[in-house]
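Here's a quick tour for anyone meeting this structure for the first time. Have a look at it below, then read on.

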Amino acid sequence: MTIFAKIIAREIPADIVYETEHVLAFRDIQPQAPVHVLVIPKKPVVSLDHASKEDATLMGELMLACAEVARREGLDVGGYRVVTNIGSHGGQSVFHLHFHVLGGRQLGWPPG
Ligand code: AMP
C-alpha cells in the first residue's frame, strides 16, 4: 500500500484541497513552489505508463481536476505547470499516479 493509498483511505492526514468521486488533490508535504498540489486518482494506477484505455475517462478527469485546482489556487492568471514523473529516470518516488500542480512563482525550464 502506498502512502497515497493511505491518504485516500484517511489512514494518514493530508491537506486536501479538492475531491470528487474519482479524484483527490492535496498539498505536497515538501512544496517546491508557493503552490504545490498533487492530483491523484483514487484508483491505484502506478504511473502514466500503467494507465490503460479503460482509464481514458479517468485520465481526462485528472487533467480537468488539475486545471480546477489551479483556478481555485489563483494560478490561472499567472500560469502554472502540471507534471507527472514516471519511473526511475523520471524521478518518481511514490508509485501511485500523481500530477504535480506547481505555481506561484516563475518556474524554470528545462527541469533538472
Ligand atoms: P514524485 O517524486 O513525483 O513521485 O512525487 C512524490 C511527491 O509526494 C513528492 O513531491 C513528495 O514531497 C510528496 N509526498 C510524499 N509523501 C507525502 C505525504 N504524506 N503528503 C503529501 N505529499 C507527500
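Let's start with R10, which is found in the loop between α1 (3–8) and β1. Helices (H or I, at least four residues) and strands (E, at least two) are DSSP runs, numbered from the N terminus. Keep in mind that this is a predicted model, where local features need pLDDT of at least 70, side-chain atom pairs count only at pLDDT 80 or more, and totals for chains, interfaces and linings use all residues. Residues are numbered from 1 along each chain as its sequence is written, and side-chain values use heavy atoms, leaving out hydrogens and water.

- Phi of R10 is near 60 degrees, a positive value in a residue other than glycine.
- Most residues other than glycine have a negative phi, and most peptide bonds are trans.
- W109 and P110 are joined by a cis peptide bond, with omega at about 0 degrees.
- You'll find P110 in the segment after β5.

**The sheet**
- Five strands make an open sheet in the order β1-β2-β3-β5-β4, with antiparallel pairing (two strands pair if DSSP finds at least two bridges between them).
- At the edges sit β1 (16–19) and β4 (80–83), each pairing on one side only.
- β1 and β2 (residues 23–27) run antiparallel, joined by three bridges.
- Within that pair, I16 stands opposite F26 in β2.

**The helix across it**
- Helix α2 (residues 56–72) lies across β1, β2, β3 (35–41), β4 and β5 (99–103), with contact meaning heavy atoms within 4.5 Å.
- α2 runs at about 155 degrees to β3 (axes are lines fitted to C-alpha atoms, for helices over the stretch in contact, and angles run from 0 to 180 degrees between N-to-C directions).
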